[in-house]
Amino acid sequence: MAFEYEALVGHLYIVNGRAISVAPPGALVEVAPKKAQRGREMDTFFTLVLPSGEVTAPASFYEQMAVLAAERYFSSSGSVTSGVRTLFNALNQNLYEHNLDHQRRYEASLICAVLHGDDLFVARVGAGVALVHIDGDLQPFPAAFENDEVLFGPPLGVQPIPDIKMTRYRVSSGARLTLADANLAEVNMEHMRSALTQPDISQVLTSFKPLIPRQIIMQVIEFVPPEVPVPIAVLEAHSSASLSSASITPTPSPAITEQTEYVVSRGAAARYQAQTGLSRATLRVANGLDGMGKILRRMTAEPEEDQRRWFSGGLTGGLVVLLPVVLVVAVVVMWLGGTGVSEFELCVSEATEATTTARQIASSDRAGTLAAWNGVLVIVERCNEIRAGDEQLASFVREGQTIIDTLNDIRRRDVVTIASFPNAELTRIVQRGEDLYALDDRNDMVYRVTVSSNGLGAVPNSAQQVPRMRRSAAAGQYTVGDILDITWAEDGRGLSQGNVLIALDRNGVVVEYSPTFLSQGAQSLLGTENWNTPVKMTVWQGRLYILDPGANQIWRYEPSGGSYPNAPTEYFTGANRFDISQAVDFGIDDNGRVYVLLDNGVLNVYRSAEPVSFGFANFPNDEPPTAANGMFLNADPVSPGIYMVDRAGRTIYESTLAGTFISSYRTFNEDLYASLADVVADNSKRVIYVVSGNSILAFSK
């Protein structure tokens, strides 16, 4: 299937009559990742996740839902309509089950679109609306904006089966799609038609702004042929929402916020801007040279008989050739030098305007205040990519972080780097005494680092690989494959000895390592053919537990005679089949309670495979985490607790084992937490360690 169209995307986000200079939370444009299911490789996915119900969740909740929607679509199989239904059913099931077990209920409306060749599929659950403008024909979805029964459907999380509405269009060049919340339905249809026929998206957004008096979350998409000199980038796990420097942003009028962007790679956008600017510069030079050429032709023309001219000979010929070249080079250099400055100045102006808007929002309007200051931080981040180190922008960041931290009860900490490893992607960290162990999932190897006495530094030259724990290493009679996880085993009843680090590869090979004794233990587990997608393991009372979300199961290996000689038993048996398909991590406390963390921040607790009542409490504004990537269950009797990693929010949460909020931590330089994966706490030193990207980071509590 040939790729037909590129997508030009703009956003309009108005809160309490004020435009916010950032794409709204829950707005996402996603191109197909490299490993998309067959038939999805050339699709583009657009979505808006919209607040619904009595509780407004944190912005990260809607952002995570948008990301999950895209992931579910591109990982699904079958037709486009089948994939869309899959994503709606998955998200609805997560919310519905959460609402059954928790007093604080979350609901959301979601409207999405899929561009598949020249077919455009639009679907919704809840109160999202769409307008499709194709060849002069304006088609609303749902068809009757004036009918509230049609306009307002039950949102996600309300009923066990979502009420999915879907339609299909055939797009042509210049077709425009608008996705928005139900506030758009209050606008006169002819006024919307007039707005959507404006020459470009920036003017479309400018025309819509006065039509929306108070609130709107809106995304406008124009489908254009791939004639611009910008290649379409198909990026793995990236969306256009994260490619801020790919934006081609017109200067906004004082009354409007707008962002127009191609779904292209960062480099492609830079090339497009450079080529466009050079074209304009070259055209200006060409016009100037045309006039210069006329003058030179007159100066170098053959004189009439008996006339003499002073400007003649070889010097004249050289000037004729060199002068245009010098002029072209000078103009292009001046244009290139001025572009960065003007672009940066425009960005600073936009950040200043956004900061002024944020300061004017009433302190009682928590949602509006958070949205506005988060918008300021996004704009400043874009400015820093053009030129870093501006003091005015730094002051905006400090002011915004302080206000956001106060509203969310966040503690900022100075973070130090313990160790970094080239070309690594660290996904797991284990702490034992003075040693830290980190799993590099990209290269399938394990590193060991010894920390200093205060825990905030590394002993010189202590960072090293664990030789037995790397891909293709020999471990007894086995060859180590791709390493799945690492953990510390105090109770060694199923191993050659206790107090060892163990690594598990995806073939079921368990490898032991001791920093103090020569440990050569290795064994191969039985029953691995029943595994589906195992992600984590832990050892409790000598038993080896493996979390397998794909099998909706936790496998349990019983020790006997210093090994695990038998196939695993199922933790969940009989009627006790609970949905842990979205689990990302787990742990077991000293009383045998199993804590299973889901990717939406929900923590389920079981005892002997029976659910135990558990719920987060006393979180700021009664808003517990809505996304999670990993956890550390601290079973220390002096300070037991739970630590959770939220990569999207770049936050580490700490609670008691009962779920009562203790603290949330962020770093002043949030870029350091962009790839947060795991956390561990050293109680004796009161230091928290995390892995992010290729580094082990630490901060003092």
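Angles under 35 degrees count as roughly parallel, over 145 as roughly antiparallel, 65 to 115 as roughly perpendicular, and the rest as oblique.

First, the model. It is predicted: local features need pLDDT of at least 70, side-chain atom pairs count only at pLDDT 80 or more, and totals for chains, interfaces and linings use all residues. Residues are numbered from 1 along each chain as its sequence is written, and side-chain values use heavy atoms, with hydrogens and water left out.

Now the chain. It has nine helices and 39 strands. These are DSSP runs, numbered from the N terminus: helices are H or I with at least four residues, strands are E with at least two. Of the 701 residues, 52% are buried, meaning under 20% relative accessible area with a 1.4 Å probe, protein chains only.

On to the pair. How do helix 4 and helix 5 cross? Helix 4 is residues 189-196, and helix 5 is residues 201-208. Their axes come within 8 Å and cross at roughly 155 degrees. The axes are lines fitted to C-alpha atoms over the stretch in contact, with angles from 0 to 180 degrees between N-to-C directions. So helix 4 and helix 5 are roughly antiparallel to each other.

Who touches whom? Met192, Ala195 and Leu196 in helix 4 meet Val204, Ser207 and Phe208 in helix 5. Contact means heavy atoms within 4.5 Å.

Last, burial. Which residues of helix 4 are buried? Met192, Ala195 and Leu196. They cover an arc of only 90 degrees around the axis, so they sit on the same side of helix 4. That arc is taken from the directions from the helix axis to the C-beta atoms. The buried residues of helix 4 pack against strand 7, strand 8, strand 10 and helix 5.

Technical notes
Buried means under 20% relative accessible area, exposed over 50%, partly exposed in between (1.4 Å probe, protein chains only).
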